[in-house]
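Here are a few friendly notes to read alongside the model. Please keep the sequence and the structure open as you go through the points.

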Amino acid sequence: AGNNLASERHYRSMPTHGIGKYKYLLPREVPRKKREKLKMKQLKPGTDTEYGVLNIQLNGYDMTLVEHYIQYIHRLCNQLKIRVEESYAMPTKSTEFSVLQEQGTKMNMEGVIQSHERIVQVSGLSSLLAPIVVEVLQTNQPEGVQLCIKEHTEADFNARFKARPELEGLMAQIN
Amino acid sequence: MCFSDGRTARQQADEEAGNWPKNFKFDILLFCGLLRRGCDLVGERGRAREIGKGVDKEAATLHGGHVLDSPAGHRPDSSFSVECFCTILSLADGESLPMRAEPKKKKKVDPRREQAVRDRLRKRLKKLERVPPELIPIEDFITRTKFLDESRIRDPPKLPVEETERRALLMKKWSRYKQKEHEKEAEMIESMIEAQQQALQELRLESEELYQAAIKRNQGLFPLELQGCRFTPPIANYEAPNGKYRDITKVYTQ
């Protein structure tokens, strides 16, 4: 009864087996997982520094200066064989400033300024190199760019992600 | 009206309780006060007992420890307790005042409903947690569409030969200058490292303890904030105009 259907299939012994396949000819696509994992928490040994993961944050209103400075820092770290984990940008902050008018109490909207922030994550900075690096950075710091060297925390890492109010609401409800 | 209220309450109590002496003398004001208290207590069942006990204690302190247990023999200046009221209505010891408005809730369905609600919440939470968090897009790296307008594209200007030559020579000078600068900086860093090493060697020869302490990292270095130098010094007696700042950064939610 089912013989008709059986003869239409390309069975494994037949030469036409696998006639329609083509995906094996295409280049292999590795599925990209966009999950970034932190937790590179280094131990804090007393003697030999290896400061753990440090964040060098640059803040400024002039984007070109900030960008060039961060490139300079990156190259310097490469030269001194300091391990650079990541180099990323934080979202820009826009500030609207208004000036009080001379004749009245009305606020006159003057303009919008944007403040840019770049971060270089560095790990394994030894205690002997640290003050030298800080001095070099200080000598080359451009005007209007604020430098800030801090330890990396999970809060800093989470600040890069979008807020999820639904998730937080559900967590609050369950607890 | 006080009297009518008293009568209706009496009739109700009559229906529920059953035995009720008909030729019963009541202090009207007292009963109205009681009714009011009773109405207040209808909303809070369990507390009726406590309030009654509290009132009892007050009455005991005021009138020498005598608490009424029979309705008939009451004194004009003594107060009623809720327990008395309950005995009037011939309620048992553990019962509360019978509530009219709320129907009785079954005890089995409640924990199941709560569990179901919690399971639903947990399922929703799991679904949301599976989705990885997204990075906030950075406006710096996104070219605005108005700059991608085709009408803005212009042909580069045509330069004379001298100008191109001048520019090429300038670039070479600049790269030479930058190379010198980079070399000087590398030299400076090397000399600093060497000086440091020499100093540490000398210190080691002096005392091992100090050397070990010197090698340790500086704890106070961490939150380091450096302000860049400025073009001009601050102006003396400068009056800044009055105004205010407002943060209008776009908040992204997933």
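Where in chain A does Tyr22(A) lie? Tyr22(A) sits in the loop between α1 (3–8) and β1 (53–60) of chain A; helices (H or I, at least four residues) and strands (E, at least two) are DSSP runs, numbered from the N terminus.

1. Before we go on, a word on the ground rules. This is a predicted model, where local features need pLDDT of at least 70 and side-chain atom pairs count only at pLDDT 80 or more, while totals for chains, interfaces and linings use all residues. Residues are numbered from 1 along each chain as its sequence is written, chains are lettered from A and ligands numbered from 1 in the order in which they are written, and side-chain values use heavy atoms, with hydrogens and water left out.

2. Back to Tyr22(A): this residue is exposed, with a relative accessible area of 53% (buried means under 20%, exposed over 50%, partly exposed in between; 1.4 Å probe, protein chains only).

3. Next, the strands. In chain A, β2 (residues 83–100) and β3 (residues 107–123) pair in the antiparallel sense over 15 bridges (two strands pair if DSSP finds at least two bridges between them). A hairpin of 6 residues joins β2(A) to β3(A), and Val99(A) stands opposite Asn108(A) in β3(A).

4. β2(A) also reaches the other chain: 5 bridges join β2(A) to strand β2 (residues 243–247) of chain B, running antiparallel. Here Ser98(A) has Lys244(B) as its bridge partner.

5. Now the interface as a whole. The contact takes 69 residues from chain A and 54 residues from chain B (heavy atoms within 4.5 Å). Chain A and chain B bury about 5,600 Å² between them, 62% of it on carbon and sulfur atoms (the accessible area, 1.4 Å probe, that two parts lose on being put together, summed over both).

6. There are 3 salt bridges between chain A and chain B (a side-chain nitrogen of Lys or Arg within 4 Å of a carboxyl oxygen of Asp or Glu). One of them links Glu96(A) and Arg246(B) (2.4 Å, N to O).

7. Another pairs Arg118(A) with Asp140(B) (3.1 Å, N to O). Arg118(A) lies in strand β3 of chain A and Asp140(B) in the loop between α5 (109–130) and α6 (161–206) of chain B, so the pair joins two chains. Arg118(A) is buried at 3% relative accessibility, and Asp140(B) is buried at 16%. Glu67(A) is linked with Arg118(A) and Asp140(B) in a network of salt bridges.
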